[in-house]
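Okay, thanks for coming, everyone. Let me put the sequence and the model up, and then I'll walk you through a few spots in it.

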Amino acid sequence: MIWNLSSDPKDFKKKNPLMKFLLQKISSILSSKFLLQWFTPTNEVPLCGHATLASAAVLFKCCGNKSDVLAFETLSGTLYASRQEEKVVIDLPLNSPEPMLTIGNVPYQDLQYSHTSKKLLIRLKDCVTRKELENLTPQTKLMVDAVPSGKVKGVIITLRGFSENGCSSRDGKAYDFVSRYFAPWNGIDEDPVTGSAHTVLGPYWSKELNKTSLYAHQCSARGGDLYLNIRSDGRVDIGGDAVIVLRGTLFCH
C-alpha cells in the first residue's frame, strides 16, 4: 500500500485516505517520496523487499515517474529504489544474524539468528545439492506450534553455491548462494522471492565468502535471481528484474 508524501503524512490518517490518494493521483505519481506498508494474508509486516521492488517498478514503468530515486517511508525506516539500467535496485537495512549455540540434535553446518528481523538462518552442509534443498518439505504448522512466542517470524534455509551441486543459473553461472524462506507465522508457508530474507543472508554470506557483491537465487517454485551489494554503512542494495504482469483501473463512486 503506497501513499504520497507530497503533503503532511498526518493527512493520510483521516477517514478517507483512499479517496484522498485518488484525488491527488497526478501529483502522487510524479512525487519522489511515498509512504509504503506491507500486509500478508494475516498481518502487517515491517519489511518486504519484493513488494518494494514491485512498487518502484510500477511507478517507474507504468505511472511515468521520472525520478531517478524514490524514497519510501516504512516501518523499517526510509528505503530507496533507483533505476540502474534495466534493473530496479532497492536500498535496505542489513539485519546481520548471530550464531546460536544449539538446536537440539538437528545436524547443520551453521545456525544463526537475526534479532532485528526475527529470522532464523539455517545453513546446510556444502555437500547438500540444490535438488535436495528444493525437495525439503518443512511442516510449517509444527514450526508455528514449536515457537508460538513470536521470537521467530521466519526461517531461512540456505546453501553455498557451486556448479557441482547444481547451484547455477540457466547460462551456467554459479550462484554464490541459494535459499528458501518460510514464514508461516505471517500466514505465508513459503515466499517465492524475499528481499527481507536477503538482508540477513547478505551479511552472512558476505562474511563467509569475503566478498561484497553477491549473486543469489531463491529456490521456490517460482524462483528468482537477486544481485546484492553489501555496503559499509550497514545497508544493502538488492537488484532484480521487474516484470509488469497485470494492469487495471479502480473506479470509486
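This is a predicted model: local features need pLDDT of at least 70, side-chain atom pairs count only at pLDDT 80 or more; totals for chains, interfaces and linings use all residues.

So, of the 253 residues in this protein, 47% count as buried, where buried means under 20% relative accessible area, exposed means over 50%, and partly exposed is anything in between, with a 1.4 Å probe and protein chains only. Residues are numbered from 1 along each chain as its sequence is written, and side-chain values use heavy atoms, leaving out hydrogens and water.

The overall inventory is six helices and 15 strands. Those are DSSP runs numbered from the N terminus: H or I over at least four residues for helices, E over at least two for strands. The protein exposes about 13,900 Å², and carbon and sulfur atoms supply 55% of that; the areas are Shrake-Rupley with a 1.4 Å probe, and for residues only the protein chains shown count as cover. Now contacts, meaning heavy atoms within 4.5 Å. If you take the ones between residues at least 6 apart in sequence, 59% join residues at least 24 apart.

Let's zoom in on some strands. Strand 5, residues 69-74, and strand 6, residues 77-84, pair in the antiparallel sense over six bridges; strands pair here if DSSP finds at least two bridges between them. A hairpin with two residues in it takes you from strand 5 to strand 6, and T74 sits opposite G77 of strand 6. Then strand 6 pairs with strand 7, residues 87-93, again antiparallel, over five bridges. There, A81 has I90 in strand 7 as its bridge partner. Strand 6 and strand 7 also make a hairpin with two residues between them, and E85 in that turn has a positive phi of about 60°.

Where else does phi go positive? K118 is one place, with phi near 60° in a residue other than glycine. K118 is in the loop between strand 9 and strand 10 (119-123), and it's partly exposed at 36% relative accessibility. N210 is not a glycine either, and its phi is positive at about 55°. You'll find N210 in the loop between helix 6 and strand 13, exposed, with a relative accessible area of 70%.

Staying with strand 9, residues 110-114, look at Q112 in there. Q112 is buried at 9% relative accessibility, and its side chain makes a polar contact with the side chain of D110 at 3.2 Å. Polar contact here is a pair of N or O atoms within 3.5 Å; within protein, one must be able to donate a hydrogen and the other to accept it, and residues adjacent in sequence count only if both atoms are side-chain atoms.

Next, helix 3. It has 13 residues, 49-61, and reaches 18 Å from first C-alpha to last, close to the 18 Å expected at 1.5 Å a residue; the expected span is 1.5 Å times one less than the number of residues. Buried residues in helix 3 include G49, T52, L53, S55, A56 and A57.

Skipping neighbours within four places in sequence, V193 contacts H50, Q218, G223, G224 and L226.

Last topic, the aromatics. Rings of Phe, Tyr and Trp (its six-membered ring) pair if their centres lie within 6.5 Å; planes under 30 degrees apart are stacked, over 60 edge-to-face, and the rest tilted. That rule gives five aromatic pairs. In one of them, Y175 and Y215, the centres are 4.7 Å apart and the planes at 45°, so the pair is tilted. Y175 is in the loop between strand 11 (154-160) and strand 12, and Y215 is in strand 13 (residues 213-218), 40 residues apart. Y175 is buried at 4% relative accessibility, and Y215 is buried at 8%. Y215 also pairs with Y227, with centres 5.2 Å apart and planes at 20°, so that pair is stacked. Y227, in strand 14 (residues 224-230), is partly exposed at 32%. Put together, Y175, Y215 and Y227 form one aromatic cluster.
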